[in-house]
Amino acid sequence: ATTSLPPTETLRFLSPEQRMGNSPLRASDVYSLGALGYRILTGRFLQGDNISLIGADEETLLAPAPSA
């Protein structure tokens with residue numbers, strides 16, 4: 001089971017549906033690119049310091065705008 005888990009450093013860039021165990025979509029790549037861009041521009045992660053593999057991703061929805 002552990003062979004299917006992604007490396008821990010990539011969890012912050014996985015889309016919510018991927019973290020919940022669903023198949024990736026094209027939109028998953030767009031989300032990941034946006035999460036990487038947010039990290040590059042702000043120096044922060046969308047989810048803050050906490051990351052979850054299961055459940056909704058409220059932290060992403062409440063992340064401050066990059067301009068903040």
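This is a predicted model: local features need pLDDT of at least 70, side-chain atom pairs count only at pLDDT 80 or more; totals for chains, interfaces and linings use all residues.
Visitor: How is a residue judged to be buried or exposed?

Guide: The relative accessible area decides: under 20% is buried, over 50% is exposed, and anything in between is partly exposed. Take Ser28, which lies in helix α2. Its relative accessibility is 0%, so Ser28 counts as buried.

Visitor: What does Ser28 touch, not counting residues up to four places away in sequence?

Guide: Ser28 touches Ser15, Glu17 and Gln18.

Visitor: And Ala35: where does that residue lie?

Guide: Ala35 is in helix α2 as well. With a relative accessible area of 4%, Ala35 is buried. Leaving aside neighbours within four places in sequence, the contacts of Ala35 are Arg12, Phe13 and Leu46. Phe45 is 10 residues from Ala35 along the chain, and the two C-alpha atoms are separated by 7.4 Å.

Visitor: What follows α2?

Guide: Gly43 follows α2, and its phi is positive, near 80°.

Visitor: Now the aromatic rings. How is a pair of them described?

Guide: A pair of aromatic rings is described by the distance of the centres and the angle of the planes. In this model, a search of the whole structure finds one aromatic pair. The ring centres of Phe13 and Phe45 are 6.0 Å apart and the planes meet at 65°, so this pair is edge-to-face. The cut-off behind that label is an angle over 60 degrees.

Visitor: Which parts of the chain does the pair tie together?

Guide: Phe13 is in the segment before α1 (16–19), while Phe45 is in the loop between α2 (26–42) and α3 (58–61), so the pair ties together parts that are 32 residues apart in sequence.

Visitor: How do Phe13 and Phe45 count in relative accessibility?

Guide: Phe13 has 22% relative accessibility, so it counts as partly exposed. Phe45 has 23% and therefore counts as partly exposed.

Visitor: Which residues lie over the face of Phe45?

Guide: Arg12 lies over the face of Phe45, at 4.2 Å from the ring centre. Arg39 also lies over the face of Phe45, at 4.1 Å from the ring centre.

Visitor: Let us step back to the whole chain. How many helices and strands are there?

Guide: The protein chain has three helices and zero strands. Along the sequence the pattern is α-α-α.

Visitor: What percentage of the residues is buried?

Guide: Of the 68 residues in the protein chain, 22% are buried. The accessible surface comes to about 5000 Å², and carbon and sulfur atoms account for 62% of that surface.

Visitor: And what about contacts along the chain?

Guide: Take the contacts with a separation of 6 or more: residues 24 or more positions apart account for 44% of them.

How values were computed:
Residues are numbered from 1 along each chain as its sequence is written. Side-chain values use heavy atoms; hydrogens and water are left out. Rings of Phe, Tyr and Trp (its six-membered ring) pair if their centres lie within 6.5 Å; planes under 30 degrees apart count as stacked, over 60 as edge-to-face and the rest as tilted. Helices (H or I, at least four residues) and strands (E, at least two) are DSSP runs, numbered from the N terminus. Buried means under 20% relative accessible area, exposed over 50%, partly exposed in between (1.4 Å probe, protein chains only). A charge sits over a ring if NZ of Lys or CZ of Arg is within 6 Å of the ring centre and within 35 degrees of the ring normal. Contact means heavy atoms within 4.5 Å. Accessible areas come from the Shrake-Rupley method with a 1.4 Å probe; for residues, only the protein chains shown count as cover.
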